[in-house]
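This report covers the domain layout and the ligand site. The structure comes below.

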Amino acid sequence: MKELRGLSAAPGVAVGKAFLYLDDEAPEIPRYGIRTPDVENEWDRFQNAVRIAESEVVELRDRASREMGDEHAKIFEAHLLMLSDVELRDQIRARLVELEQNIEWILWDLTRELSQKLAAAGDPYLRERSIDIHDISRRVLNHLLLIKKVSLADLDQDVILVTHNLLPSDALVMNKEHVKGIVMDIGGKTSHTAILARAFEIPAVLGLTDATMEIREGSLVVVDGGAGKVIVEPNGAVLDRYRRLTETLRKASSALLAEKDLPAMTMDGKRLTLKANIEIPEEADHALAYGAEGIGLYRSEFLFLTPGRTADEEEQYDSYRRVVVSMAGWPVTIRTLDVGGDKLIPDIQGAEEKNPLLGWRAIRFCLARRELFGTQLRALLRASVDGDLRIMFPMISGLEELEDALSALEDAKVECRERGQAFREDLKVGIMIEVPSAAMTADILARRSDFFSIGTNDLVQYSIATDRGNERVAYLAQPFHPAVLRFVKATIDAAHAKGISAAMCGELAGDPNASAVLLGLGLDEFSMSAVSIPLVKRVIRGVNSAECEALARDALAQNSYRDVETLVRTWMAERFPTA
Ligand code: PEP
Ligand code: MG
């Protein structure tokens, strides 16, 4: 038995067999010379690997077309065409004969070259093909190296997924029914993989550094998401303890769910609003099931994360409309495309950047790609007819950026009018406060915003200068840092001075330990993973506003995040002794 410690990324307990998933960073491609008589042998190996890859892709294509429609199957059609491309095969054979190196190296080297050339092309179609080349080359290489790399969408047995780095796009397509737990070498608590794990209610421990070295394929593993622990090959006593814990958690969550329709009101009658964050339209039902009074953040970029394709206006319109209709009149705040950072979308963003977190992200990217932004804005405007849709701009850093975004929205409105497409004229437009410069100028930004939503994941990252996805600096990512509390307070005060509402949609909003302080700071609206709503609501219903205001004042007077944390935890333990 072995215990590994990491970061608690999504609560809950899972027990199951480890499935090691090799991402693109692994494995190393071997390179060695071969003798002339072995050339044909290498060629045969290549042909075999291609045949297996082809049959896999045919299956994937058929499945995509059955389950998601022909549009989604197109990408696999493109892969099939490439796998049978005679010119490409001829090039591979010619290099093999000329260089007399092992076929893995020849294939990898040639396709890398091709893929880089295509990625640098101006034409978006060619840039997309660069991803396809990379994908098929990876698939064939995996067979040549005899590595079992099953697509995560094809999992057909329950597993604990053990991986170095699960990209948000992988998490999106994986078969969620069979992924019972997630264990990852890298990643922080507010990385998007952690956020998705919480949304899908899959217990997850991240930032374990070398879990992929410590855990063998097929070993029995316990994932204790709440404690950030992974136990490999547990003994009988540990297994029993976790079985009991699972049962206790199940009972506690059904007791909480029974309270889902009670209002989020403090004991002295202050009414708060609790909403859900979602990444895909299907989560809207989930949000309602947990008692959400609307969607406070729909991360629209997840629509664009499927490699090899870009959602067009109709597809976007359908998705936005679907959420608005499912939410049956409750407000739905949709954030415009927030690409970049750990949500790189090479299909639309082109080459990777040296410092993506400070680079061409979110609104900066959209303002530079007006056509793409205009398409999204039109789709949003059109979907606003069916309910209370609100638009939110991410990563606003100052007034000029906000004004540019608002003027792009005005342009989109003009286009809709010209096309005879109806939209809601009184649609609300707000911004995320997640950059320190925005928090410090919130009074100015409030003049041009209908609402604020504080994104603590990025606000913490940028104010403390700590990469939210890097487990080595995760200890610094403290939302109770006095600087963060001051930014939050300044934002809320500026909103209220202008009579607009202050929401929070960063992960802090879903932390029940933070609820009383946030309430005391004056936050009006909390938006979080749906599953967190009942617990936060229970805290709100158990406090009164005056004591929360006093707690917030005390918190603001502390010198360090440790002092704030001690203050808040002690307070919570006294007020909620059984929690
Ligand atoms: C945030 O930064 O707090 C936020 C909610 O946005 P995201 O996590 O998608 O960056
Ligand atoms: Mg953010």
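The protein chain splits into domain 1 (2-23 + 150-234), domain 2 (36-144) and domain 3 (265-575), with bounds from an automatic or database domain assignment. Between the C-alpha centres of domain 1 and domain 2 the distance is 29 Å. This is a predicted model, in which local features need pLDDT of at least 70, side-chain atom pairs count only at pLDDT 80 or more, and totals for chains, interfaces and linings use all residues. Residues are numbered from 1 along each chain as its sequence is written, chains are lettered from A and ligands numbered from 1 in the order in which they are written, and side-chain values use heavy atoms, with hydrogens and water left out.

Ligand 1 has 16 residues around it, the closest being Arg299, Arg335, Gly455, Asn457 and Arg468; a residue is counted if one of its heavy atoms lies within 4 Å. By class, this shell holds 4 nonpolar, 5 polar and 7 charged residues, where Asp, Glu, Lys and Arg count as charged and Gly is among the polar. At least two shell residues each come from helix 7 (192-199), strand 10 (295-299) and helix 18 (456-463). Helix 18 contributes the most, with 3 residues. Helices (H or I, at least four residues) and strands (E, at least two) are DSSP runs.

| Residue | Polar atom | Distance |
|---|---|---|
| Arg468 | side chain | 2.7 Å |
| Thr456 | backbone | 3.1 Å |
| Gly455 | backbone | 3.4 Å |

Of the 290 Å² of accessible area that ligand 1 has on its own, the protein covers 100% (Shrake-Rupley method, 1.4 Å probe).

Terms used:
A polar contact is a pair of N or O atoms within 3.5 Å; within protein, one must be able to donate a hydrogen and the other to accept it, and residues adjacent in sequence count only if both atoms are side-chain atoms.
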